[in-house]
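Hi everyone, thanks for making time for this. I'd like to walk you through one protein model, a few residues at a time, so please have a look at it first.

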Amino acid sequence: MSDEQAKAKTTKPGGDSVFGQIIRKEIPAKILYEDENTIAIRNRNPRAPTHFLVIPKTPITGISAAEKEHVPILGEMMYTAKKVAEQEGLSDGYRLVVNDGDHGCQSVYHIHMHVIGGKQLSWPPGTD
């Protein structure tokens, strides 16, 4: 079992998250982009040469908790991912990943999108 799998097994929704603290600038992060609705930060444990996270400032615990009212912010997350991927020079492509729940290996219960690129990725992902 990986460290992320172990974290996902013990972490549960509720309360503040590390992403809330980053959004409020209570803990440091390498911010790549920020606007009124989203923030993009470098991943502390990258899985590829380029690996960053897109986080909405609206605290939604996960994609399974999203409601119709969240559609605009979910779309904005995708657009922010595209803008930052361009900024990061990912012209050959990249992957967007949203983990949800224990089996999805979600270890922080504030929805976020991983943007992974900078190398040839394999397919299918997440089958191991």
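Let's start with asparagine 43, which touches His51, Phe52, Leu53 and His114, leaving aside residues up to four places away in sequence. Touching, or contact, means heavy atoms within 4.5 Å. Before I go on, a word on the source: this is a predicted model, where local features need pLDDT of at least 70, side-chain atom pairs count only at pLDDT 80 or more, and totals for chains, interfaces and linings use all residues. Residues are numbered from 1 along each chain as its sequence is written, and side-chain values use heavy atoms, with hydrogens and water left out.

Back to asparagine 43, then. You will find this residue in the loop between β2 and β3 (50-56). Strands here are DSSP runs of E with at least two residues, helices are runs of H or I with at least four, and both are numbered from the N terminus. Is asparagine 43 buried or exposed? Asparagine 43 counts as buried, at 15% relative accessibility. The cut-offs are under 20% relative accessible area for buried, over 50% for exposed, and partly exposed in between, using a 1.4 Å probe and protein chains only. The side chain of asparagine 43 also reaches the backbone nitrogen of asparagine 45, at 2.7 Å.

Histidine 114 sits in strand β5 (residues 113-117) and is buried, with a relative accessible area of 12%. Which side chain does the side chain of histidine 114 make a polar contact with? The partner is histidine 51, at 2.8 Å. A polar contact is a pair of N or O atoms within 3.5 Å; within protein, one must be able to donate a hydrogen and the other to accept it, and residues adjacent in sequence count only if both atoms are side-chain atoms. Not counting residues up to four places away in sequence, histidine 114 touches several others, including Phe52, Arg95 and Asn99.

Now for the charged pairs. How many salt bridges does a search of the whole structure find? There are 5, where a salt bridge is a side-chain nitrogen of Lys or Arg within 4 Å of a carboxyl oxygen of Asp or Glu. Arginine 42 pairs with glutamate 88, their closest N and O atoms being 2.9 Å apart. Arginine 42 belongs to strand β2 (residues 38-42) and glutamate 88 to the loop between α3 (71-87) and β4 (94-97), so this pair ties together parts that are 46 residues apart in sequence. Arginine 42 is partly exposed at 31%, and glutamate 88 is partly exposed too, at 23%.

Another bridge joins glutamate 86 and lysine 82, again at 2.9 Å from N to O. Both of these residues lie in helix α3, 4 residues apart, about one turn of the helix. Glutamate 86 counts as exposed at 52%, whereas lysine 82 is partly exposed at 33%.

Then there is lysine 25, whose salt bridge with glutamate 34 has its closest N and O atoms 2.9 Å apart. Lysine 25 is partly exposed at 47%, as is glutamate 34 at 33%. Together with Lys57, these two are linked in a network of salt bridges.
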